[in-house]
Amino acid sequence: MATIKDIAEKAGVSIATVSRVLNYDATLSVGDETKKKIFETAEELDYKKRPSRKAITPKIALIHWYSEAEELNDLYYMSIRLAVEKYSQQHGLQVVKFFQYDFEKIKQADVQGIIAIGKFSLKQVKELAQITDMITFVDSSPDDEQFDSVVIDFEKATQKALDHFLTRGHEKIGYIGGRETYRDHNTSIEDSREKTFKAYMAAKKLLDESSLYIGSFTVDDGYSLMNQAIHDYGEKLPTAFFTGNDLLAMGALRALHEAGVEVPNRVSIIGVNDISVSKYVYPPLSTIKVYTEMMGETAVDTLLERIAGRKITKKIFISTSLILRDSSN
């Protein structure tokens, strides 16, 4: 840490002046230029004394909350993992992969840092912290004060989709979503897409609780939940549906097609994630694009910063974009 003497010598002023300026002494009569010079010198010296990233090749653990089989049914998490692996390879990092949570094996791996993809319970977070405090969580943020995280603002993402529907004249809008649970117990994790949908539509006085269908984030549940909606509503089916992810949207599209419901002429669909296959379904899926490659790369950069010496935690939000294709109008 730079001392007042260091600052005074570099700024060319007295120690007393530096002390009074840094303490915002109202009785001190010095010009703004002198104050500016002192403040800038203090910032410059402080910055120079921060540890720079060292040319090291640390060994890190990549912990996935899914098994390999489960990951095949959720390409969102797969694309994040692949981005972490690819970017780590570019940096010459040693990466030890763990599918699902196995504390004892992770502890034996002797790693310097951890990238944890998915949702982890407080018990799991505490166990990981016993291994290292250099942990970057991706897609969750269990403790903003202690750990770095890379997340998506699903509240804004949901609002983007709903705003598009509303500007196109849709008022009867349904929701097909999913809920997740931590791997070590059955506690349900609150989903911000569902929560935002309810709050946003209620604020517009357009919320119909009966038009919300909740299962798991899978194609099969998207299919069965949309079939349930078709059965429940018949000719009064909502004119638009927002789905919690692209897999749900794909299942919903199949159900609508089999029922002879035209998309987007009768029902519009918007999903979330823009997974690689979204553009190839029929009709091509409108979706909120989540930049999973950027999430993975940012996670690696963030962890390397911590290993190099950064002490202050970061919570980084990656932006999203509305991608319009043929499933919505």
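Trainee: I'd like to start with two helices. Which residues in H8 meet which residues in H9?

Mentor: Phe154, Glu155, Thr158, Gln159, Leu162, Asp163 and Leu166 in H8 meet Ser192, Arg193, Thr196, Phe197, Tyr200 and Met201 in H9. Keep in mind as we go that this is a predicted model. Sorted by class, the residues of this contact are six nonpolar, four polar and three charged.

Trainee: How do the axes of H8 and H9 lie, and at roughly what angle do they cross?

Mentor: Find helix H8 at residues 154-167 and helix H9 at residues 192-203; their axes come within 9 Å and cross at roughly 45°. An angle from 65 to 115 degrees would count as roughly perpendicular, and one under 35 as roughly parallel. H8 and H9 are therefore oblique to each other.

Trainee: Is the crossing of H8 and H9 left-handed or right-handed?

Mentor: H8 and H9 make a right-handed crossing.

Trainee: Let me zoom in on one residue of H9. Is Thr196 buried or exposed?

Mentor: A residue counts as buried when its relative accessible area is under 20%. Thr196, which is found in helix H9, has a relative accessible area of 8%, so Thr196 is buried. Setting aside neighbours within four places in sequence, Thr196 is in contact with Glu155, Thr158 and Gln159.

Trainee: Now the sheets. What should I know about how strands pair?

Mentor: Strands of a sheet pair through backbone hydrogen bonds, and the pairing is either parallel or antiparallel.

Trainee: How many bridges join S6 to S9?

Mentor: Strand S6, residues 173-178, is joined to S9 by four bridges, and the two run parallel. To see the pairing on screen, look at Ile176, which stands opposite Tyr213 in S9.

Trainee: What is the strand order of the open sheet with parallel pairing?

Mentor: That sheet has six strands in the order S2-S1-S3-S4-S5-S13. Strand S2 (94-99) and strand S13 (315-318) each have a single partner strand, so one side of each is left without a neighbour in the sheet. The twist averages 15° from one strand to the next. Strand S5 (residues 148-152) runs parallel to S13, and four bridges join them; Val150 has Ile316 in S13 as its bridge partner.

Trainee: Which strands does helix H7 touch?

Mentor: Helix H7 (residues 122-131) packs on the sheet and touches strand S1 (59-64), strand S3 (113-117) and strand S4 (135-138). The direction of H7 makes about 145° with that of S4.

Trainee: One more helix pair, please. At roughly what angle do H1 and H2 cross?

Mentor: Helix H1 (residues 4-11) and helix H2 (residues 15-22) have axes that come within 8 Å and cross at roughly 110°. That makes H1 roughly perpendicular to H2. The crossing is right-handed. Ile4, Lys5, Ile7 and Ala8 in H1 meet Ile15, Val18, Ser19 and Leu22 in H2. By class, this contact has six nonpolar, one polar and one charged residues.

Terms used. Residues are numbered from 1 along each chain as its sequence is written. This is a predicted model: local features need pLDDT of at least 70, side-chain atom pairs count only at pLDDT 80 or more; totals for chains, interfaces and linings use all residues. Side-chain values use heavy atoms; hydrogens and water are left out. Axes are lines fitted to C-alpha atoms, for helices over the stretch in contact, and angles run from 0 to 180 degrees between N-to-C directions. Angles under 35 degrees count as roughly parallel, over 145 as roughly antiparallel, 65 to 115 as roughly perpendicular and the rest as oblique. A crossing is left-handed if the near helix is turned anticlockwise from the far one by less than a right angle, and right-handed if clockwise. Contact means heavy atoms within 4.5 Å. Ala, Val, Leu, Ile, Met, Phe, Trp, Tyr, Cys and Pro count as nonpolar, Asp, Glu, Lys and Arg as charged, and the others, Gly among them, as polar. Two strands pair if DSSP finds at least two bridges between them. Buried means under 20% relative accessible area, exposed over 50%, partly exposed in between (1.4 Å probe, protein chains only).
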